[in-house]
Amino acid sequence: MTKDVYIIDGARTPFLKSRNTPGPFAAADLATAAGAALLVRQRFAPDELDEVILGCASPSPDEVNIGRVVALRIGCGQKVPGWTVMRNCASGMQALDSAIANIRTGRSELVLAGGVDALSRAPLLLSDAMVRWLSGWYATRTVGDKVAALRRFRPGYLAPVIGIMKGLTDPIVGQLMGQTAENLAHRFGISRAEMDAFAARSHARVLAAREAGRFGAGELVPLIGRNGTVYADDDGVRADSTPGNLAKLKPFFDRKYGRVTAGNSSQITDGAAWLVLASEAAVERHGLTPLGRIADSQWAGLDPAQMGLGPVHAATPILQRHGLALGDVDAWEINEAFAAQVIACLRAWDDADYCRDELGLPEAFGRLDDAKLNIDGGAIAQGHPVGASGARIVLHLLNVLRRQGLKRGVAAICIGGGQGGAMLVEAL
């Protein structure tokens, strides 16, 4: 019999937009702030956790096993293992799934799992030419050798390699993630106006949710900088992101023929999100009150050049296993990597040819009700700190279900490299 895995609580930081300079917090700072605030309100001590699992797509060199770094910083003690997982955009969701696996096999009972990234601090790298020149320079022994080396130097060697651009480029197909979104826009005939309308809706929904206090009740933990500055909300949300204003932006990834812009794409962002997961035995031992449970999870692979359709390939098998149609799910969170990508997912499910050729179904799977999708907005407005987003959408989905008195939801995410991840969540 499969053990139930319960969600006890969760919290995240505000998501802070990158502004072309290192942000105020390192990744470990973000994860520590959210983790400490979450654990202080629990009925167990941090050192009673069985393990800490943290997803991170871009850890800094001094925080390579950032899961262990944060576990020690939040007071778990030396005996609680901490480790790090990486599955690109779904690293935070992978951390949850790794916790689920360990709980179901009995290796753990109580786990802190989540994700983080500080993408504003992605490194600038030296080019190979500069590295080779420096290697030669440090090998010089005489003044003549040094003069000869200086003569071989070219100013172009100093041009930095932007680490995040390399990280967001698929090494198999040689395309930036935004170019894969352009592929989907072309495949499904998604217009620029449709993308901009979707992006504007994301901003409007986040602002409405904020005004109504829907990110409260412990989900969002404010950050305080070293200079005393308080960061209380996701700071990339804009009231002026209207379809008209977004239409003024130029395509970014395909400047001549493209439709994907910075405005209808997710933002480069810093942030962290955590959930506490527990077995039934841990719930009873510590007197915990579960908020919900993760009923199922699924990973899928597909063409890297079509990676944005990953949610379709991951969520569909879950629904089939549970005998559910799209409309039987009360709420959906599909991470908004790009407006084109989410729209393409909706069209793929409603396309008989796609469902037959790619999913092996006899007919179109159906149409997802827009009123159930990302009802409080998503990553286009809030940002997409790659390692954290998979955990954020699971956490917020549960809060949506509980707030509205609903039962069942699906969180799904596309993953660079041609993968998809999804989780079926039930509120209690």
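**A helix and its surroundings**

Mentor: Helix α11 is followed by Gly 323, whose phi is positive, near 65 degrees. Helices here are DSSP runs of H or I with at least four residues, strands are runs of E with at least two, and both are numbered from the N terminus. The model is predicted, so local features need pLDDT of at least 70 and side-chain atom pairs count only at pLDDT 80 or more, whereas totals for chains, interfaces and linings use all residues. Residues are numbered from 1 along each chain as its sequence is written, and side-chain values use heavy atoms, with hydrogens and water left out.

Trainee: What span should the 12 residues of α11 have?

Mentor: At 1.5 Å a residue, they should span 16 Å, and the end C-alpha atoms are 18 Å apart, which agrees. The expected span is 1.5 Å times one less than the number of residues.

Trainee: How many residues of α11 are buried?

Mentor: 9 of the 12 are buried, so α11 is largely enclosed by the rest of the structure. Buried means under 20% relative accessible area, exposed over 50%, and partly exposed in between, with a 1.4 Å probe and protein chains only. Among the buried residues are Gly 310, Pro 311, Ile 318 and Leu 319. The elements that the buried residues pack against include β11 (292–301), α12 (339–349) and α13.

Trainee: At what angle do α11 and α13 cross?

Mentor: The axes of α11 (residues 310–321) and α13 (residues 352–359) cross at roughly 75 degrees and come within 12 Å. That makes α11 roughly perpendicular to α13, a term for angles of 65 to 115 degrees. The contact, meaning heavy atoms within 4.5 Å, is made by Val 312, His 313 and Thr 316 of α11 and by Tyr 354, Glu 358 and Leu 359 of α13.

Trainee: Is Thr 316 buried or exposed?

Mentor: Thr 316 is buried, with a relative accessible area of 2%. Leaving aside neighbours within four places in sequence, Thr 316 is in contact with Pro 311, Trp 349, Leu 359, Leu 361 and Phe 365.

Trainee: Changing topic, how many disulfides does the structure hold?

Mentor: The structure holds 0 disulfides, a disulfide being a pair of cysteine sulfur atoms within 2.5 Å. The sulfur of Cys 345 is 6.9 Å from the closest cysteine sulfur, in Cys 414, which is too far for a bond.

Trainee: And what of Cys 355?

Mentor: Cys 355 is in no disulfide, as the nearest cysteine sulfur, that of Cys 345, is 11 Å away. Cys 355 is buried, with a relative accessible area of 0%.

Definitions and conventions
Axes are lines fitted to C-alpha atoms, for helices over the stretch in contact, and angles run from 0 to 180 degrees between N-to-C directions. Angles under 35 degrees count as roughly parallel, over 145 as roughly antiparallel, 65 to 115 as roughly perpendicular and the rest as oblique.
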